[in-house]
Amino acid sequence: MAKTNPGRFFEDYSIGQVLHHAVPRTVTNGERALYHALYPARHALYSSDEFARNCGLPQSPIDDLAAFHVVFGKTVPDVSQNAVANLGYAEGRWLKPVYPGDTLRAESEVIGLKQNSNGKTGVVWVRTRGLNQHNEVVIEYVRWVMVRKSDLDAPAPETVVPELKKALDVKDLIAPEGLDFTQYDFAQAGEAHRWGDYEIGETIDHVDGVTVEEAEHMLATRLWQNTAKVHFDLTFRPEGRLIYGGHVISMARTLSFNGLANAQMIVGLNGGAHANPCFAGDTIKAWSEVLDKAETAIPGVGAVRLRMVATKGGAPFELKNEDGRYLPNVLLDLDYWALMPI
């Protein structure tokens, strides 16, 4: 019997299959330091224990996207080891903060399958849950991936495309226990703009840009233990290693600090698409659009729904062409809910 694992191919998945991912990982403050080295993240709630305590939390959590990357990385050997591309996200929720010392593991259920017309690849939908050492779900999301077939003669499975919410309702969002923004320190957070200062339909150019380097991308994928071949192996993709899509998400989120410094916590992921590939040497810029706003029952806290777009050049606020296709300079189109002081 072979001792090595070549990863799953499209014909290896079945509806209802549950994948228990290796290996559990205990996160530490080192995780935060490395995350902030890769992405100069400055949102105060994730930077300062004192700021977090002033907002009702026991200490500063691990960045919401850092927790996402840890869980995502666990799933790669079982879900996207042989992927052509990660296609999109839906129904993502951050359910509990992750603190230094927590141990995360992940499991996924296959909820959709569709073979592509070329017969060489297919799309796999999975619902992933990240759990802590107390078996509490800290994060859950759906993603879909295009995966190669190993046996091109393998019969196509029955097509099952899951029905997913286009957007989470504010009642679906879960805020950390104890969160309270009534004593929020805007000076320390870095901007004075609060929930009431943003209008639905408003667009924000985040101005700054960061050129992606090969070294930082390789460090990021290793940090998150992302073993997808398209990110590592030039013999697998001679035209160039793809930059991990999560790297683009985190960089865009970091750039969004300039204009959205008080959008402190991401609590919901409505949808997302990696519109075009990103390679080392590309310069990432970002802009956002306010899609919706909602009040919450949490003291001093409002929810804002944002579209975050990452580009590699081009004018801000341009997204698709007349045919409804993403422009070639658009890297990411992400729709999320964040919590902000009122």
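**View 1. Gly92 faces Leu269 across a pair of strands.** In this predicted model, Gly92 stands opposite Leu269, a residue of strand β7. The strands β2 and β7 pair in the antiparallel sense, and five bridges link them. Strand β2 has another partner to look for: eight bridges join β2 (residues 83–94) to β5 (residues 137–148), and these two strands also run antiparallel. To find your place along β5, look for Val145, which stands opposite Asn86.

View 2. Have a look at the open space here: the largest pocket has a volume of about 460 Å³. Its lining is made of 28 residues, and those nearest the centre of the pocket are Val84, Ala85, Asn86, Leu242 and His274. Two or more lining residues come from each of β2, β5, α6 (229–232), α7 and β7. Which element gives the largest share of this lining? Strand β2 does, with six residues. Sorted by class, the lining of the largest pocket holds 18 nonpolar, eight polar and two charged residues.

**View 3. Helix α7 is mostly covered.** How many of the 11 residues of helix α7 are buried? The count is 11 of 11 for this helix, which spans residues 245–255. Among the buried residues of α7 you can pick out His247, Met251, Arg253 and Leu255.

View 4. The model has three cavities of 30 Å³ or more. The largest cavity has a volume of about 130 Å³. Of the 17 residues that line it, Tyr46, Trp94, Lys96, Pro97 and Met265 are the closest to its centre. Helix α3 (64–79) and strand β7 (265–274) each supply at least two lining residues, and the largest share, three residues, comes from β7. What classes of residue make up this lining? There are 14 nonpolar residues and three charged ones, with no polar residues. Domain 1 (1–27 + 62–164) and domain 2 (166–342) each provide at least three residues of the lining of the largest cavity.

**View 5. Glu31 is a buried residue of helix α1.** You will find Glu31 in helix α1, which covers residues 29–38. Why is Glu31 called buried? Its relative accessible area is 5%, and buried means under 20%. Setting aside residues up to four places away in sequence, Glu31 touches Arg25, Ile62, Val70, Leu223 and Trp224.

**View 6. Gly73 is a buried residue of helix α3.** Gly73 is found in helix α3. Is Gly73 buried or exposed? Gly73 is buried, as its relative accessible area is 2%. Leaving out neighbours within four places in sequence, Gly73 is in contact with Trp224 and Gln225. For a sense of scale, follow the chain from Ile15 to Gly73: the two are 58 residues apart in sequence, and their C-alpha atoms are 22 Å apart in space.

Notes:
Residues are numbered from 1 along each chain as its sequence is written. This is a predicted model: local features need pLDDT of at least 70, side-chain atom pairs count only at pLDDT 80 or more; totals for chains, interfaces and linings use all residues. Side-chain values use heavy atoms; hydrogens and water are left out. Buried means under 20% relative accessible area, exposed over 50%, partly exposed in between (1.4 Å probe, protein chains only). Helices (H or I, at least four residues) and strands (E, at least two) are DSSP runs, numbered from the N terminus. Contact means heavy atoms within 4.5 Å. On a 1 Å grid over the protein atoms alone, a cavity is a set of points where a 1.4 Å probe fits but cannot get out, and a pocket is an open set with protein on both sides within 12 Å along at least five of seven lines; lining residues have an atom within 4 Å of a point. Grid points are joined across faces, edges and corners, and a volume is the space filled by probe spheres set on the points. Ala, Val, Leu, Ile, Met, Phe, Trp, Tyr, Cys and Pro count as nonpolar, Asp, Glu, Lys and Arg as charged, and the others, Gly among them, as polar. Domain bounds come from an automatic or database domain assignment. Two strands pair if DSSP finds at least two bridges between them.
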